[in-house]
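Please look at the structure on the screen while I describe a few of its local features.

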Amino acid sequence: MYRSVLVVVVFFAAACKGGANSASAANSNSGASGTPAAAHISDTGAAVAGPTSTTQTSVPGSAPANRVPNEMGRIMVLEYHLITDHNGDYARERGQFRKDLELLYNRGYRPVNMSDVLDKKLNLPRGLSPVVMVFDDASPEQFRYIEKNGQLEIDPTSGIGIWLDFRKTHPDWDNKAVYCLLSGASAGHNFFGDRGIQGQKSNWRFRKVKWLADNGFELCDHTLWHAQLNKYPDAFVQEQIARNALAIDSAVPGYKIRSMALPQGLWPKNRALASKGSWTNPKTGKTVSYDWPVVFEVAGGPMRSPYDPAFNPGSTPRIQVIGNAIEAMIKKLESSGNAYISDGNPSVVARPAASPAAATAGAKR
């Protein structure tokens, strides 16, 4: 699909692209920034958070009933690619995408950015759960403009158009999702389309990236043109990541990128280069460095809570949205009592009474 990239379709192993890093940003690998406030451990007095029905919402915008707070539970990181007219390993049909949003909303899930997880700013109302939605490859199917009377409008049939329409009737569905970008790929995967592909003009590219950042969404590096990083030497790997970061910085100057997604889930031979490295432009002599805490895998299931001592953002697993993957994972997490569910109190980390660590003190928000 992309230049020099052989895409191997494997069940539940779709191509995944990494995000770009700001040319001027140097991020900590600690997984959180700032100084979080101290919090207490709260025993919620219940063993599990049982499964809920898709119709079990009390009041529009409220959490489904019977969801026991558990802020040590797992968080879904959903992986999308094309939003288009059919379903597939790398595609979600538009109507099905809308149904995904409805399902998540009705089951008590609300979108957050990965930076919210890193910073432990998951301050949702009681009974609600965070979900991180990640869109790989920067295709026009995700974000497309249409031109009317000389003015640009977001195509309502593109992924972001469907998202914004859903938000009109669900105002507490925030503009929070992670877009892992390519800036030099072919087939239109170049900051959401260029050179007339799907009617997209090249001079619209940076405008789209800036619109996402200005409207609350998070930007992520995915290499320059989706290179299989395990095939190349260290210098090439760093160039792919750093040059893409530089392109994102050109679109949104000073933007602090904190994540990248591995194309096809393939690590470079030197794994450390996925999160930290540099490249020097041979023409200008300018060095571009990158350093971020999050590396998205291509699969692996839900990630741990940021309050879990085993939380490791440097290898963040994801759930590929294929078939009924979302509903199946919700059922699995909630029937086992292992879903992250907010207690609505920013100063307390809630655990169900059955948790072996329920009496442990000293958790941090």
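I begin with G314, which lies in the loop between β14 (294-300) and β15 (316-320); strands (E, at least two residues) and helices (H or I, at least four) are DSSP runs numbered from the N terminus. This is a predicted model, in which local features need pLDDT of at least 70, side-chain atom pairs count only at pLDDT 80 or more, and totals for chains, interfaces and linings use all residues. Residues are numbered from 1 along each chain as its sequence is written, and side-chain values use heavy atoms, with hydrogens and water left out.

Apart from neighbours within four places in sequence, G314 contacts W267, P293 and V295, contact meaning heavy atoms within 4.5 Å.

S347 is located in the loop between α6 (325-335) and β16 (348-351). With a relative accessible area of 35%, S347 is partly exposed. Between S347 and N123 there are 224 residues in sequence, yet their C-alpha atoms are 9.6 Å apart.

Finally, helix α4 (residues 205-214) packs with helix α5 (residues 234-251) at about 80 degrees, their axes being 8 Å apart; axes are lines fitted to C-alpha atoms, for helices over the stretch in contact, and angles run from 0 to 180 degrees between N-to-C directions. F206, V209 and K210 of α4 meet A247, S250 and A251 of α5.

Notes. Buried < 20%, exposed > 50% of the residue type's maximum accessible area, 1.4 Å probe, protein only.
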